There are 4 protein chains.
Amino acid sequence: MYNFKNDYSEGAHPHILQKLIETNLIQQLGYGEDEYGMQAKEILKEKIKNPNTIIHFLSGGTQTNLIVISFLLRVHEAVISAKTGHISANETGAIEATGHKVITVETNDGKLKPTDIEKALQEYALKPHVVKPRMVYISNSTEIGTIYRKSELEELAACCQSNNLLLYLDGARLGHALTAKNNDLTLADIARLTDIFYIGGTKNGALLGEAIVFNKPDLALDFEYVLKQKGAMLAKGRLLAIQFLELFKDDLYFDLAKYANRMAMKIADAVKEKGFSFLTESTTNQIFPILPKAVIEKLAERYLFYVWKEINDDLAAVRLITSWATDENKVDAFITDLKQL
Amino acid sequence: MYNFKNDYSEGAHPHILQKLIETNLIQQLGYGEDEYGMQAKEILKEKIKNPNTIIHFLSGGTQTNLIVISFLLRVHEAVISAKTGHISANETGAIEATGHKVITVETNDGKLKPTDIEKALQEYALKPHVVKPRMVYISNSTEIGTIYRKSELEELAACCQSNNLLLYLDGARLGHALTAKNNDLTLADIARLTDIFYIGGTKNGALLGEAIVFNKPDLALDFEYVLKQKGAMLAKGRLLAIQFLELFKDDLYFDLAKYANRMAMKIADAVKEKGFSFLTESTTNQIFPILPKAVIEKLAERYLFYVWKEINDDLAAVRLITSWATDENKVDAFITDLKQL
Amino acid sequence: MYNFKNDYSEGAHPHILQKLIETNLIQQLGYGEDEYGMQAKEILKEKIKNPNTIIHFLSGGTQTNLIVISFLLRVHEAVISAKTGHISANETGAIEATGHKVITVETNDGKLKPTDIEKALQEYALKPHVVKPRMVYISNSTEIGTIYRKSELEELAACCQSNNLLLYLDGARLGHALTAKNNDLTLADIARLTDIFYIGGTKNGALLGEAIVFNKPDLALDFEYVLKQKGAMLAKGRLLAIQFLELFKDDLYFDLAKYANRMAMKIADAVKEKGFSFLTESTTNQIFPILPKAVIEKLAERYLFYVWKEINDDLAAVRLITSWATDENKVDAFITDLKQL
Amino acid sequence: MYNFKNDYSEGAHPHILQKLIETNLIQQLGYGEDEYGMQAKEILKEKIKNPNTIIHFLSGGTQTNLIVISFLLRVHEAVISAKTGHISANETGAIEATGHKVITVETNDGKLKPTDIEKALQEYALKPHVVKPRMVYISNSTEIGTIYRKSELEELAACCQSNNLLLYLDGARLGHALTAKNNDLTLADIARLTDIFYIGGTKNGALLGEAIVFNKPDLALDFEYVLKQKGAMLAKGRLLAIQFLELFKDDLYFDLAKYANRMAMKIADAVKEKGFSFLTESTTNQIFPILPKAVIEKLAERYLFYVWKEINDDLAAVRLITSWATDENKVDAFITDLKQL
């Protein structure tokens, strides 16, 4: 059985393990004060083209989301998210557990548009009987594989700015977004257009790790307190730092994401050739083909994947995810199997 | 400069790195459902001598403490801790941030006794104008290097039971406690006498990782939800599992702790020989010699350590910590330097 | 300008003020231990036909909701509510501020049905990546004036029981529900079919006050702590107690609600006669006529009310609320004005 | 049995009840938008001598404390309080329940001094491993009857300002403080020297009610949201407004407090005459005589009061509280009884 369920079924890119071994016995300060972290941050600042950003390394996406949001919102403030957004759909109420409402918006493609924001602001206007919207949360790539175009992100950023809303971008799969064939955004664009974003490591070659980037240093003031308070500050911060040092020193991060995307698109092409359609228009490493249930059953004998949504009595959408570690032979085998069904 | 500031200045024991490499590309389920975790839990249950325990792996001590305590207490309930306890002194209000008061007790040796508990219960008796004490938090070894004797833990456990208090033991340095020369407790004793405890990996050879042990399975019901909600569930749970698999499959955990203790005691013996005293009676890998300030200044030229507490105009206590990775040559050099001063 | 905006524009029923005066200088114990509270609770227990209920008096609806819900839910648990439910729509994220997600369900009539619950349970099944539904919140009458029929409440209660969900009924306008012409529920039915409910005083003749009823005494254990902790325990609890003592000693509560309903129905009848329709099928003291905007504008010159929802370019729904204190002459004047438009 | 246990054993001053009756059927806007509130706020602003203050009315002291503190602190910030402070000693962990640590300081007289603050700042300096002190909480009069002198408050205010700490004064018994014989502070001084304070109504003639005063309007921005969110916004806000309107329109507030103080001092003088001492040097309406246990037992046959603290085998301190409603005849009877023992 080969696993297409997610992009964290394997360990880390070998470069990371190699660096862990090389540096293992070199004494370092704890709690994120190690020299590998300093190096990794310098490299990231260059790629982001903003020497003033403040960067911190955390362990996972839910942790990152709950800490950023609870740190930046006051008690009566709320965050707006697509209903498919990770903070709304898959984090066990992590944001609410810190005291904040997540205002959800229905979307077709997992992306928020200025009209969505304006509608939410209207619904939450009856001060003080409703929460005060203060942040917009988006994901790129989204949880359903789509990506933001530069013009879309620019419009959204302008809308946020004119409504005094912080724009926070969840980049759990930012590498996959920025290397998608229809992408026209750069890491520097992301940094310029958002207030805060994070660069996901876990789903793109790291053992663990997400890099929070505060594009406006003022927002990051005192952030270390909250890292510690929420249990996110690793004693051996070097472990997190080394993930990003290795992933970014030679653009490995983008190479790995590009490979994952290519694997997904290879399968997507085969799906299209076979005459099947998709639930969402993904150009990244998560695809959602709509297949006959009989086909799904057969494939499920050899491959692990999620049946995502029933379409009708005969059809269902499945989710297939590829990663930097996906074996191209298995992708080819899957395509062969699909063609024969 | 050699670092005696803490026991997390280096990476992981080589066995762990080796296992990470060996297993790196083997696909595993995410979120703690990997086979290495299953194996590690089986080994731990055997050592604990209780097949019914429920075990979960987390990333760090503060994270573990805040999740266990907020999961088990109801909104009006509080936890009793020594004032030196990590949750009181060093976790940036992590417990309060989850809504719970930490009732603190002054102690000489960092350990709680039944009389401390009873006094706290009396102070918090005026229902409903005060919180309801519901849990007792202890550390073994304590934050000042001391350990619980079996009789002490038995008496405390009995006191907790008769007062309907949960007993939770923070084992960030449990290995060092259980291998101290004056220890008479076993891992199975700890499991028998507490309701919940955790086995610290980070400070004893792991890259990261603490293993929570619920000795009463009922207490663990639904715990996975809270792991996810608080951002503690790593996508690649295999990373945590492998730390404990390697540390416990051959008693490596105890060997490493014993070594760390031996290094500390070697320094302690030299301190005593030199005629200096100690702030606390530590038998584990943290020692607190009281030294002339002139001596401290000299040592500080070659070694990193914390000046812990001023004693008087001439003397101060310092904290020296050793670990599984401490270089015995550096220990010897330190002793030589100390003797010459 | 006469105010039909809400049912709390006036003070209290004169009996309550009279009793406040009569008892003013009689010394009483504080914090809810006064004798008026004892008396009021006895009367309520009789009407509820359950001597074992535990009753507490609070100041307002949002306070009551947030305290009950945060007291009864564990950190990973959530409450299901209609989207129109007060906790979802009008309490400034009060429930989320205590750490709990409100799972919302779209409804036509503001009422939850077993199918709504089952659908929510399916959506929140992927343990541990989503919260655990543990409570169902309903209002009777609802925020849009509708009421539960006995059979409906029985079915909902059975559904909750079989799914291990607590059923909590917000009775901010319970009097109006139980005296509506199409009602077939009694206070004792409410107590039998729910786990917890509250009897609203503020909107039915009290200066302030809601009476929480725990139908299962075990659920109420330690509740006093949380009353105090959340700032809901009045030093002069007698103030709250006297509201309920006066409202319930002679069924004044039901008489006042019946009057309010009658005033609303009088207007509703005139609306119907005039050929206009309604947004919701209310039989209680809140009605939502759909009127031509020109008519609304004219009425707004003499009466205060909310324009609730735009229907189309010509029509909008307004909300008119009556109360125990509504002046029937003003109701008649309103009807006359409406007829002439 | 006559009750000296507290200052909330009776209802309200008759003027308040009278005003409630007079205004009962006049329609008003809800949620604090009523005209009585506007009037009361104008009167208070004049007495405070600051037309820019923002004032809100709440129901009780714990509610006020928890809302002010949780509104003004960020998640990693903490409040410093005397150990005897109400938020530390008597509010069931209300502050911690909002996520914030209360840093406590031992005092002899219940008052905080600059040296206390500086010591606390030193103890909480190890960023980010400890919380960040951001507010100082004091009470005037204190929980043990003492009051701040103008010079003391000035020094404390200066210390707070130079350390970027907000100064918040709990005035549950502010009337008693400002009318004590050794007082040299005015309401305007309090407003000038603190950032936020509240004027307690409940313990000085109101049915309920505390008036929060934000001396710096910026601090109050958005405060209404939190009032609603925490369940503190009464639908019939007129009830709270009328308390303050009546208490302040003719200095009734100060007259009532002065009377309460005079009653307490009358007893205190008798205690002194009899040769007994006091636990604290109170000049307000709470006194703590140290009496022989035999005397206490005898008095307890006719009077209700708290035995506050055991002094030794023979002696204990009791707490006696008087109020605006205390019957001078009963005070005289108590004195007579005391003299005869």
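Guide: What follows is a short exchange about the sheet in chain B of this predicted model.

Visitor: In what order do the strands of the chain B sheet run?

Guide: The order is 2-8-7-6-5-3-4, seven strands in an open sheet with mixed pairing.

Visitor: Which are the edge strands?

Guide: Strand 2 (54–58) and strand 4 (102–105) of chain B, each of which pairs on one side only.

Visitor: And by how much are neighbouring strands turned against each other?

Guide: By 20° on average, with direction ignored.

Visitor: What does strand 2 of chain B pair with, and in which sense?

Guide: Strand 2 pairs with strand 8 of chain B in the antiparallel sense, over five bridges. Within that strand, Ala211(B) is the bridge partner of Phe57(B).

Visitor: What about strand 7 and strand 8 of chain B, parallel or antiparallel?

Guide: Antiparallel, again over five bridges, with strand 7 covering residues 196–200. Here Ile199(B) stands opposite Ala211(B).

Visitor: Is strand 8 of chain B buried or exposed?

Guide: Strand 8 (residues 210–214) is mostly covered, and five of its five residues are buried. Glu210(B), Ile212(B) and Phe214(B) are buried on one side, and Ala211(B) and Val213(B) on the other.

Visitor: What holds paired strands together in general?

Guide: Backbone hydrogen bonds, in either a parallel or an antiparallel arrangement.

Methods:
Residues are numbered from 1 along each chain as its sequence is written. Chains are lettered from A and ligands numbered from 1 in the order in which they are written. This is a predicted model: local features need pLDDT of at least 70, side-chain atom pairs count only at pLDDT 80 or more; totals for chains, interfaces and linings use all residues. Two strands pair if DSSP finds at least two bridges between them. Helices (H or I, at least four residues) and strands (E, at least two) are DSSP runs, numbered from the N terminus. Axes are lines fitted to C-alpha atoms, for helices over the stretch in contact, and angles run from 0 to 180 degrees between N-to-C directions. A residue is buried if 20 or more other C-beta atoms lie within 10 Å of its own, exposed if 12 or fewer, and partly exposed in between; C-beta atoms are placed from the backbone.
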